[in-house]
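Here is a short tour of a two-chain model, written for someone who likes to know the cut-offs behind each term. Have the structure open as you read.

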Amino acid sequence: MTPFLIAAVVKIVLVVFLLLTGVAYMTWLERKVVGRIQNRWGPTRVGPFGLLQPLADGIKFILKEDMVPDSVHKGLYILAPALALTMSLISIAVIPFGENITVHGTTTPLQITGVTQTVGHPTDINIGLLIILGVTSIGVYGVALAGWSSNSKYALLGSLRASAQMISYELALGLSLVGVLILAGSFSLRHIVDSQSQTWFLGSINTHLPHWYIFPQVIAFFIYLMAAFAETNRIPFDLPEAETELVAGYHTEYSSMKFAMFFMAEYVNMITVGCIATLLFFGGWHGPLFGPPLLQSLLPIFWFSVKIFFFMFLYIWIRGTLPRFRYDQLMAFGWKVLLPLAIANIIVTSLIVAIWA
Amino acid sequence: MVHQVLFIIFALICVAGAVNLLLQRHPINSALSLVVVMGALALIYLLLGAEFVAAVQIIVYAGAIMVLFVFVIMLLNAGAEERSRGSHVALWVGGPGVAGLAGMIIYLMFRKDTHFNPVTVGNMVSPAQDNTHGIANLLFTRFLLPFEITSVLILIAIMGAVVLARRER
């Protein structure tokens with residue numbers, strides 16, 4: 001019992017620390033890359049290459065005056081950012097980063113909620129993916145309540161847009177993952193990753209392509225990617241905070257650390273999206289292993305991070321490239337294009353699986 | 001032991017949320033109390049070992065349906081409600097009605113020989129397979145007809161909403 005508890009606490013502290021550091025440096029990376037895309041330098045003054053900029057930003061956020069406007073609905077105004085950040089942080093608990101790790105005779109899987117049975121393989125709850133979807137759908141309240149409780153027209157418009165957009169795209173998002181679930185036959189993220197460890201066979205010919213679900217589910221992957229961009233309110237779907245029309249959307253009235261909490265929630269959500277895409281479509285931590293034992297045990301985590309980094313870079317790249325949708329275009333695209341396409345993908349996938357079986 | 005303690009905690013949260021739902025005067029507070037009730041119920045399902053039902057409870061009820069409730073309240077910008085003095089009908093019909101319903105539920109729970117008590121329903125999902133597979137098997141074999149009828153019912157509701165919302169030209 002005691003080693004189990006210690007392992008759990010160590011894992012939680014480590015993962016949350018890495019996650020928040022990742023979020024901080026994600027903002028640095030975004031400013032740097034967008035800067036280079038627009039032919040600027042980005043942050044350069046604090047530390048070498050502006051590497052200490054996130055630290056300076058953090059100190060600034062904490063030291064700024066925490067204003068609460070007069071006519072807000074106070075309880076919900078304070079609850080909203082806390083809810084948004086909490087819900088985005090919870091999802092990381094079910095995400096597996098790798099196989100077992102053994103330290104001083106205690107074996108534990110690289111996942112906060114994972115359990116190692118006394119003999120053999122690590123297991124996790126069979127609803128990992130559903131927990132992430134559920135927590136994401138609760139996270140909508142943070143955005144919705146923020147706008148409503150601010151008692152300001154721009155904030156309310158922003159949060160109405162955000163709730164409508166997130167409910168609409170949640171459908172396409174959930175349905176796009178069903179194809180992978182049919183192929184893997186499980187909701188457990190660990191099981192889904194394990195089923196991608198081999199290579200694809202065409203009849204009896206080894207194609208040497210990794211058994212990633214991106215290859216049979218390429219349509220589902222792009223539906224997921226677009227729906228996830230809308231879910232995280234990022235360009236080209238960032239209408240809830242469209243600064244040209246709504247000042248700053250749902251967080252117009254928020255200042256200091258409360259604003260920072262919305263900001264962090266958005267970036268944590270982006271990392272979660274990257275994690276799910278990696279786990280479901282790109283084989284999670286699987287990748288070529290070589291070298292001495294120590295390197296071999298570290299490589300899975302390296303591959304996992306590289307794949308997530310790819311998605312983070314994609315987010316920034318698209319932000320630097322695409323303009324914003326119009327609101328009616330956004331809704332029409334979600335309901336008339338992504339949703340039917342996702343349903344068609346499910347039907348075709350299940351037909352093929354049924355014929356093969 | 002741990003289960004019992006957790007059950008009591010979540011049951012208390014659930015009942016407190018339900019009472020708060022009735023006592024609050026602002027619709028948005030009531031709606032959020034209902035979200036708390038749904039969440040606590042999901043955790044109780046989880047304690048019972050029904051992890052799939054728990055997740056679906058969160059996604060469908062706490063996530064989708066209640067967000068729509070909150071959305072509508074926000075859109076209509078509904079304000080705090082007046083508190084009425086209470087009606088005699090509610091007092092004379094409601095009290096015995098609640099007692100009768102509670103009695104019926106308790107009776108059904110404790111009836112041993114029945115077809116439909118919690119134990120027999122729980123046993124339909126065999127412990128050998130996991131929860132999700134078990135529910136899927138039951139839904140698409142034994143309970144296929146009710147399942148399909150429910151989906152037709154939802155379809156009718158959707159068509160009704162479209163008819164009502166369509167603008168006359």
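## Terms and ground rules

A residue is called buried when its relative accessible area is under 20%, exposed when it is over 50%, and partly exposed in between (1.4 Å probe, protein chains only). This is a predicted model, in which local features need pLDDT of at least 70 and side-chain atom pairs count only at pLDDT 80 or more, while totals for chains, interfaces and linings use all residues. Residues are numbered from 1 along each chain as its sequence is written, chains are lettered from A in the order in which they are written, and side-chain values use heavy atoms, with hydrogens and water left out.

## A buried serine in chain A

Ser88(A) has 2% relative accessibility, so it counts as buried. Its place is in helix α3 of chain A, residues 74–90; helices here are DSSP runs of H or I with at least four residues, strands are runs of E with at least two, and both are numbered from the N terminus. Leaving aside residues up to four places away in sequence, Ser88(A) touches Ala265(A), Val268(A), Asn269(A) and Thr272(A), where contact means heavy atoms within 4.5 Å.

## A nonpolar patch

Chain A also carries a nonpolar surface patch of about 910 Å², whose members include Tyr25(A), Phe49(A), Leu52(A) and Met257(A). Patches are built from residues with over 30% relative accessible area and no salt bridge, joining nonpolar side chains (Val, Leu, Ile, Met, Phe, Trp, Tyr) within 5 Å and like charges within 9 Å. Areas come from the Shrake-Rupley method with a 1.4 Å probe; for residues, only the protein chains shown count as cover.

Helix α2 (residues 53–63) of chain A gives the most to this patch, with four residues. Phe49(A) lies in the loop between α1 (2–37) and α2, and it is exposed, with a relative accessible area of 63%.

## Chain B

Chain B has seven helices and zero strands. Of its 169 residues, 24% are buried. Chain B exposes about 12,400 Å², with carbon and sulfur atoms supplying 74% of that area.

## Where the chains meet

At the interface, 22 residues of chain A are in contact with 24 residues of chain B. The two chains bury about 1,900 Å² between them, 79% of it on carbon and sulfur atoms; buried area is the accessible area (1.4 Å probe) lost on putting two parts together, summed over both.

On the side of chain A that touches chain B, α4 (128–150) and α5 (153–184) each supply at least two residues, and α4(A) gives the most, with 10 residues.

Conventions
A salt bridge is a side-chain nitrogen of Lys or Arg within 4 Å of a carboxyl oxygen of Asp or Glu.
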